Amino acid sequence: MSESGKLRELPAVHDVVERISAPGIPRHLLVAETRRALDDARRETRSGGSNGLSIETRVERAVGALIAPSLRRVINATGVVLHTNLGRAPLGTQSIHSGYSNLEYDLSSGRRGKRDVHTSALLERLLGASGIVVNNNAAAIYLALNELAAAHEVVVSRGELIEIGDGFRIPDIMQRSGAILREVGTTNRTRIGDYRGAITERTRLLLRVHPSNFRIEGFTARPALAELAALGRERGIPVYEDLGSGCIVDLRPFGVDEPLVSDSLQAGANLVSFSGDKLLGGPQAGILAGDPEIIARLRRNPMFRALRVDKMIYHALEATLRNVLLERWEEVPALRMIRQNAAEIRARAERLVATLEGIKAEIVPGESVIGGGATPEQSIPTWLIAIACAHEDAAQKRLRARHSPVVARAEEKRLLFDLRTVLPDEEAELAAALQALS
């Protein structure tokens with residue numbers, strides 16, 4: 001049939017709408033989706049192709065996609081604790097308040113309050129310093145540079161001009177903030193004398209950036225933070241350290257060697273910033289903590305309002321900070337996962353494999369990683385459930401298509417499942433997904 005003939009055969013909008021049974025769907029939405037489907041079919045016809053679906057089926061699928069939530073719970077069996085594509089730190093059980101809340105209302109005085117009161121006391125107890133919250137760590141860096149050094153110089157080592165992720169680079173953020181970059185040292189070696197020699201009357205900030213997502217080894221040098229802080233005090237210039245991952249709890253006994261936020265403050269940093277959804281184990285947020293007068297300045301900056309977080313983030317962050325303060329590790333999934341030892345994971349894997357029928361599964365040693373741009377070249381011993389699979393791509397697609405999608409690793413014709421990052425109440429669903437592979 002000719003192109004014109006195929007186009008004439010396409011149904012009218014009202015005919016399609018009448019044939020579709022979609023209770024509860026507004027008619028105007030059905031009409032709009034039908035027109036969209038017809039436009040797609042016309043373009044396919046003119047280009048010489050077709051997906052073979054009727055217009056009714058196209059509309060029903062489109063409406064179904066609009067009805068179903070796009071953001072879904074995913075079972076992470078990769079062993080990557082802070083999986084950036086899966087939302088970084090998994091959140092614990094949340095009970096978001098329905099209706100109104102006292103987000104910016106002081107219940108004791110009956111007057112307007114400040115929303116950061118919900119986290120400030122907890123941050124002060126955890127870090128021994130004042131703190132505020134913005135929507136992510138890039139925003140925290142931007143706010144700090146804009147307030148403390150706009151139109152003035154910020155001294156930073158060349159070895160710390162990192163890319164945070166997805167193309168966001170420290171020099172670009174500095175430029176947008178209005179601060180002027182003053183590079184010192186070399187990629188691999190920067191000395192305290194380099195900072196001292198770079199200070200002029202235009203210098204307003206000494207910046208130190210923790211290279212969370214990479215390591216430079218070999219012939220390297222950089223001054224201790226205490227040295228930099230001493231120089232800052234000598235010259236009357238604040239020292240700001242961006243810690244990125246933001247480790248509040250000492251995780252070295254569990255194989256994760258990251259600098260502690262409290263150590264940086266005790267070493268003399270006037271301001272630190274870090275992420276809420278990495279090693280803290282909370283929701284996406286950028287946390288700034290340090291000298292009270294600096295925090296007060298940041299809070300007065302007009303951009304603080306543009307970068308502030310909403311009530312749902314405060315709710316989740318407050319719960320996380322309280323659980324960390326009270327050492328309720330089981331209530332912070334990311335910290336619970338990191339603290340779990342390999343023997344415990346092997347026992348869980350053995351119990352799960354014992355429930356499978358007709359599937360040849362092995363339990364093999366492996367490594368979990370922290371992920372999320374944190375702790376490069378550091379891993380944690382684990383045990384993996386390995387299932388032989390000739391067509392890994394097809395099998396992984398089937399796993400992702402489940403009601404509770406499963407994301408796993410593939411390696412050498414095997415699917416690998418690491419229970420470190422699988423929540424205990426997800427094990428039955430994971431077992432069902434594995435059983436369905438037979």
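Strand 5 and strand 13 (residues 286–290) are paired antiparallel through five bridges; two strands count as paired if DSSP finds at least two bridges between them. Within this pair, V133 lies opposite I287 of strand 13. The model is predicted, so local features need pLDDT of at least 70 and side-chain atom pairs count only at pLDDT 80 or more, while totals for chains, interfaces and linings use all residues. Residues are numbered from 1 along each chain as its sequence is written, and side-chain values use heavy atoms, with hydrogens and water left out. Helices (H or I, at least four residues) and strands (E, at least two) are DSSP runs numbered from the N terminus.

The pair belongs to an open sheet of seven strands with mixed pairing, in the order 5-13-12-11-10-6-9. Because strand 5 (130–134) and strand 9 (180–184) are at the edges with a single partner strand each, one side of each has no neighbour in the sheet.

Helix 6 (residues 137–149) packs against helix 11 (residues 292–300) at about 100°, with the axes 10 Å apart. The two helices are therefore roughly perpendicular, a term for angles of 65 to 115 degrees. In this packing, L143, A144, E147 and L148 of helix 6 meet I294, R297 and L298 of helix 11, where contact means heavy atoms within 4.5 Å.

The largest nonpolar core has 52 residues, of which L127, I248 and V324 touch the most other members. Such a core is a set of buried (under 20% relative accessible area, 1.4 Å probe, protein chains only) Ala, Val, Leu, Ile, Met, Phe, Trp, Tyr and Cys residues joined through side-chain atoms within 4.5 Å. Apart from it lies another core of 28 residues, including A144 and L288.

Terms used:
Axes fitted to C-alpha atoms, helices over the stretch in contact; angles between N-to-C directions. Parallel < 35°, antiparallel > 145°, perpendicular 65-115°, else oblique. Buried < 20%, exposed > 50% of the residue type's maximum accessible area, 1.4 Å probe, protein only.
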